[in-house]
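Biologist: I have not looked at this structure before. Could we go through it in questions and answers?

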Amino acid sequence: MSIPLEASDILSSSLEDLVDLFDVRPSDAPRPDHEREAELASPKFGAVFTDHMARVSYTADRGWYDRRVEKYGPLQLDPATAVLHYAQEIFEGLKAYKHSDGSIWTFRPEQNAARFARSAARLALPALSVDDFIASLAALVRTDSAWVPTGEEASLYLRPFMFASEPFLGVRSSREVDYIVIASPVGPYFSGGVAPVSIWVERDFARAAAGGTGAAKCGGNYAASLLPQTQAQARGCDQVCFLDGTGTYLEELGGMNVFVVRADGSVETPELTGSILEGVTRSSIIQLLQDGGHEVRQRQIPLDELLAQIDDGTVTEVFACGTAAVVTPIGRLAGSNFDKSISDGAAGSLTMAIREELTGIQTGAVEDRHGWLRRLA
Ligand SMILES: *Cc1c(COP(=O)(O)O)cnc(C)c1O
């Protein structure tokens with residue numbers, strides 16, 4: 001049995017003390033109530049942001065300093081700012097949920113904090129502490145708590161990011177860095193109910209390479225995925241699944257991990273080989289499947305084997321997962337010489353059950369038996 005962690009086991013001080021380190025400088029132009037309520041009534045993912053952002057500055061000499069919550073607004077950057085040239089940037093994505101009693105929670109933020117530190121190390125950026133990461137989320141959410149939407153599958157999407165802010169064209173790691181958290185209210189990912197997506201399996205382009213930055217959550221990985229994504233859409237597919245560098249094994253989508261469900265109830269997901277991003281949703285789903293008695297194997301999954309097993313009925317469901325959509329059924333896999341529908345193009349039953357369990361835990365409707373939720377406000 002796992003013992004739920006208390007926030008005090010993760011943070012070096014109480015969350016209250018850590019949030020107090022953030023100086024709140026209120027916006028002089030917050031959106032009036034009626035404007036905010038109109039935005040919350042029909043949230044547009046990543047297009048509308050709250051009134052404030054949390055921010056911490058860094059220099060090699062001072063370390064992290066000036067923890068603050070300030071007015072959301074444009075950044076003024078020197079054209080020589082390193083990130084604009086060498087893409088030294090990382091980010092995270094997580095959600096804050098308002099429960100029925102008005103309290104505001106987030107899901108396993110210490111996992112995102114740890115991954116952010118691993119991404120920082122790979123991109124030669126300074127590590128931000130778990131304390132500062134979680135306190136920055138709480139400081140922003142408390143200031144903009146009126147922006148956390150209520151309603152089924154509604155949440156406030158939190159986007160922490162860090163970038164090289166030194167104006168210098170020399171190729172070395174930046175001696176000045178900015179860490180910022182912005183927040184965008186989001187509604188259900190699938191507005192018309194959960195619908196299976198179609199996937200183009202990409203053989204010509206890779207997202208990540210052995211020894212590269214695939215396991216880090218950095219903007220550059222996304223830049224590399226945009227051309228294949230555009231081509232996949234032109235071919236009538238919604239998203240791309242990338243293979244490993246040899247074009248043999250399944251890796252993941254541009255921003256989601258993949259799972260394969262077999263007729264015998266066991267489940268497989270590509271093992272973390274170093275070019276796959278370790279999703280928090282992925283590891284949570286592995287745990288929930290195991291709790292439910294499903295055998296979960298992490299291994300390299302050859303594309304050819306998967307296609308044959310879809311044909312012979314060994315594989316019955318395929319799904320993708322990540323924070324934004326939580327769980328997305330995959331109804332079709334297409335590539336240069338194949339086009340297969342899975343579960344007759346419908347959402348699989350285990351896919352939907354795991355989706356419901358996970359969203360239930362996040363929104364407070366299902367018991368959080370692993371102690372994954374952290375209260376922010
Ligand atoms: C963020 C991301 C995921 C999903 O991670 P979660 O922690 O589950 O949101 C998967 N793959 C890539 C490439 C990602 O950037």
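Modeller: The expected span of a helix is 1.5 Å times one less than its number of residues. Keep in mind that this is a predicted model.

Biologist: What span should helix α5 have, and how far apart are its end C-alpha atoms?

Modeller: Helix α5 covers residues 109-122, which makes 14 residues. At 1.5 Å a residue the helix should span 20 Å. That agrees with the model, where the end C-alpha atoms of α5 are 20 Å apart.

Biologist: Which residues of α5 are buried?

Modeller: A residue counts as buried under 20% relative accessible area. In α5 the buried residues are Pro109, Glu110, Asn112, Ala113, Arg115, Phe116, Ser119 and Ala120.

Biologist: Which residue just after α5 takes a positive phi, and of about what value?

Modeller: Look just past the end of α5. The residue there with a positive phi is Ala124, at about 55°.

Biologist: How many disulfides does a search of the whole structure find?

Modeller: A disulfide is a covalent bond between the sulfur atoms of two cysteines. Here a pair of cysteine sulfur atoms must lie within 2.5 Å to count. For Cys237 the nearest cysteine sulfur is that of Cys241, 11 Å away, so Cys237 is in no disulfide. Over the whole structure, the number of disulfides found is zero.

Biologist: Is Cys241 buried or exposed?

Modeller: The cut-off for buried is under 20% relative accessible area. Cys241 has 3%, so Cys241 is buried.

Biologist: Which strands pair with strand β7?

Modeller: Strand β4 (residues 89-91) pairs with β7 in the antiparallel sense over three bridges. Strand β5 (residues 94-98) is also antiparallel to β7 and joined to it by three bridges. A further antiparallel pairing, over 10 bridges, links β7 to residues 176-186. The strands asked for are therefore β4, β5 and β8.

Biologist: How many residues of β7 are buried?

Modeller: Strand β7 takes in residues 155-164, 10 residues, and is mostly covered. The buried residues number nine.

Biologist: How far in space is Arg55 from Phe161?

Modeller: Arg55 belongs to strand β2 (residues 52-59) and is buried at 15% relative accessibility. In sequence, Arg55 and Phe161 are 106 residues apart. From C-alpha to C-alpha, the distance in space is 9.7 Å.

Biologist: Which residues are closest to the ligand?

Modeller: The ligand is surrounded by 15 residues. The closest of them are Lys217, Tyr222, Glu252, Thr281 and Thr323.

Biologist: What share of the ligand's exposed area does the protein bury?

Modeller: Taken alone, the ligand exposes 380 Å². Of that area the protein buries 97%.

Biologist: Which backbone nitrogen does the side chain of Thr281 reach?

Modeller: Thr281 sits in helix α8 (residues 280-291) and counts as buried at 7% relative accessibility. Its side chain reaches, at 3.3 Å, the backbone nitrogen of Thr323.

How values were computed. Residues are numbered from 1 along each chain as its sequence is written. This is a predicted model: local features need pLDDT of at least 70, side-chain atom pairs count only at pLDDT 80 or more; totals for chains, interfaces and linings use all residues. Side-chain values use heavy atoms; hydrogens and water are left out. Buried means under 20% relative accessible area, exposed over 50%, partly exposed in between (1.4 Å probe, protein chains only). Helices (H or I, at least four residues) and strands (E, at least two) are DSSP runs, numbered from the N terminus. A residue is near a molecule or strand if one of its heavy atoms lies within 4 Å of it. Accessible areas come from the Shrake-Rupley method with a 1.4 Å probe; for residues, only the protein chains shown count as cover. Two strands pair if DSSP finds at least two bridges between them. A polar contact is a pair of N or O atoms within 3.5 Å; within protein, one must be able to donate a hydrogen and the other to accept it, and residues adjacent in sequence count only if both atoms are side-chain atoms.
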